[in-house]
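Please read these notes with the model open beside you.

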Amino acid sequence: MPWFSKKNKRIEAVPPEERVVKTENVFVKCDSCEAHLYKGELDEALQVCVHCGYHFRIGAHERLAMFFDDGNFEELDAEVISIDPLQFVDSKPYTKRLHQAKETSGLPEAIINAKGKVGEHPVVAAAMDMSFIGGSMGSAVGEKVTRLIERAITEKAAVVIFAASGGARMQEGTLSLMQMAKISAALAKLDEARLPFISVLTDPTTGGVTASFAMLGDVIIAEPLALIGFAGPRVIEQTIRQRLPKDFQRSEFLLEHGMLDAIVDRREIRPFVIKLLSFMMNPEIREEQPSRNQSAKSGLRK
Ligand SMILES: [Zn+2]
C-alpha cells in the first residue's frame, strides 16, 4: 500500500495571465526617508511614516473620519457647489476644470463640512482637499465655511477647520477674495457667542486661506513640516531683495516666530483637540435658556 495516494481531483493550473505576484498597492515609498512602508501599517499610523514621521497628504473624508468619535459624522452643505459667474477661460474653461476636478477627486467641492462629536463635545468641522483645484477657495468654499460657523453659533458647537489650500480661486476673481472678509466676519460672531475655533494647518496652507480664517483660530496648530505662508518664497525674495532663511514658511519656523500655538503630530491631533475643547467649551453656554437660543436663531436669519 502506498504511503501517499493521489486524490481524485487534480489541482487546477493557474492560467498564465493570472500568474503575477501582486505587490501593487501593498508597499508605499516614503517621500522623505525613502523607506518602503507596508500600506496596512501606514493606514494604521494615519498616513505618517513610522520611520521618520513624514506626514503624507491626505484627503478631506479621510481627515474627518480620523477626527470624529468612532469616525462618525454627518456631511453638511454638500449641495453648495461652484458655478462659473465670470465665464472664465484660462488654459481651459472654468466649467470644464470644475467638471474634471469632480471626476478625479470624487468630491463636490474643495472642502467637506461635517458635524458630529469629538470627545463627546459637539463639533462642526471642515476639511479642505488639495485634490480639488489645489484646495482653492472660491465662492462655494467661502459659503460652506461661513455656513459651518453660523451653524456652530445656532447649535452651540465648536468649530474646527483643517486647512489645506493653494489660496484663492483666481477663476472667480474678486468673488473669491470677498470670501476672506465674509468668513472673518462670521468668525467675529462666533467669538461674540463665546464659542471656540480651532484652526489646524496642514501641508500646504497658503494664499488667501492663510490670510484669513486659517490664522484667526483661538488656537492655531499645525502638522510637522507643513508649508504655511501667504506668497511663495521666490516672490518674497524678489520683493524684499534679501535671502530667506532655511525652512522659512515651515511649521517649525513659524512656531519659533510666534505664528503658531503648537505643532502636533497627526496621530496626536484628536486627543490634543479634545483636551482643548474640554478646557474651552464653556458649560454655561450650553445651559442657556432655549428662549434665548430661539431669538439668536431668528437674528441669524435676518
Ligand atoms: Zn519616512
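1. Contact here means heavy atoms within 4.5 Å. With that cut-off, Arg266 touches Leu46, Gln47, Val48, His55, Phe56, Ile58, Arg63, Met66 and Glu223, leaving aside residues up to four places away in sequence. The model is a predicted one, and the notes below should be read with that in mind.

2. On the whole chain. The protein chain has 302 residues, and 41% of them count as buried. Its secondary structure consists of 11 helices and 9 strands. Taken along the principal axes, the C-alpha atoms fill a box of roughly 95 × 55 × 45 Å. Take the contacts between residues at least 6 apart in sequence: 68% of these join residues at least 24 apart.

3. On the zinc site. Which atoms hold the zinc ion? The SG atoms of Cys30, Cys33, Cys49 and Cys52 coordinate the zinc ion, at 2.3 Å. Along the sequence, these donor residues follow the spacing C-x2-C-x15-C-x2-C. The arrangement is tetrahedral because the 4 donor atoms subtend angles of 108 to 111° around the zinc ion. For comparison, the ideal angle for four tetrahedral donors at a metal is 109.5 degrees.

4. A residue is buried when its relative accessible area is under 20%, and exposed when it is over 50%. Cys30 has 1% relative accessibility, so it counts as buried. Cys33 counts as partly exposed because its relative accessibility is 34%. Cys52 is also assigned to the partly exposed class, because its value is 38%.

5. On disulfides. How many disulfides are there? A disulfide is a pair of cysteine sulfur atoms within 2.5 Å. By this rule the count is 0 disulfides.

6. On helices H2 and H9. Two packed helices are described by the angle between their axes and the distance between the axes. For helix H2 (residues 60-67) and helix H9 (residues 266-280), the axes come within 10 Å and cross at roughly 50°. On the H2 side the contact is made by Arg63, Met66 and Phe67, and on the H9 side by Arg266, Ile269, Arg270 and Val273.

7. On Arg266 again. Is Arg266 buried or exposed? Its relative accessibility is 4%, so Arg266 counts as buried. This arginine is found in helix H9. Gly53 is 213 residues away from Arg266 along the chain, yet the two C-alpha atoms are separated by 9.5 Å. The residues that Arg266 touches include Arg63 and Met66, which are also part of the H2 contact with H9.

8. On helices H4 and H5. The axes of helix H4 (residues 139-155) and helix H5 (residues 173-192) come within 9 Å and cross at roughly 5°. Angles under 35 degrees count as roughly parallel, and H4 and H5 are therefore roughly parallel to each other. In H4 the residues at this meeting are Ser139, Gly142, Glu143, Val145, Thr146, Ile149, Ala152 and Ile153. Their counterparts in H5 are Leu175, Gln179, Lys182, Ile183, Ala186, Leu187, Lys189 and Leu190.

9. On Ala152. This residue lies in helix H4. Ala152 is classed as buried because its relative accessible area is 0%. Setting aside residues up to four places away in sequence, Ala152 touches Val124, Ala157, Val159, Leu190 and Leu195.

10. On backbone geometry to check. Most residues other than glycine have a negative phi, and most peptide bonds are trans. Gln47 has a positive phi, near 65°, and its place is in the loop between helix H1 (39-44) and H2. Gln47 is buried, because its relative accessible area is 12%. Arg241 is not a glycine either, and its phi is positive at about 55°. Arg241 sits in the loop between helix H7 (233-240) and helix H8 (251-256), and is exposed, with a relative accessible area of 75%.

11. On the cis peptide bond. Which residues does a cis peptide bond join? Asp203 and Pro204 are joined in this way, with omega at about -10°. Pro204 is in strand S7 (residues 197-205).

How values were computed:
Residues are numbered from 1 along each chain as its sequence is written. This is a predicted model: local features need pLDDT of at least 70, side-chain atom pairs count only at pLDDT 80 or more; totals for chains, interfaces and linings use all residues. Side-chain values use heavy atoms; hydrogens and water are left out. Buried means under 20% relative accessible area, exposed over 50%, partly exposed in between (1.4 Å probe, protein chains only). Donors are N, O and S atoms within 2.8 Å of the metal (3.2 Å for Na, K and Ca); water is not among the atoms, so sites may look incomplete. Four donors count as tetrahedral if all angles lie between 85 and 135 degrees; four count as square planar and six as octahedral if opposite donors are over 155 degrees apart and all others between 65 and 115; anything else is irregular. Axes are lines fitted to C-alpha atoms, for helices over the stretch in contact, and angles run from 0 to 180 degrees between N-to-C directions. Helices (H or I, at least four residues) and strands (E, at least two) are DSSP runs, numbered from the N terminus. Angles under 35 degrees count as roughly parallel, over 145 as roughly antiparallel, 65 to 115 as roughly perpendicular and the rest as oblique.
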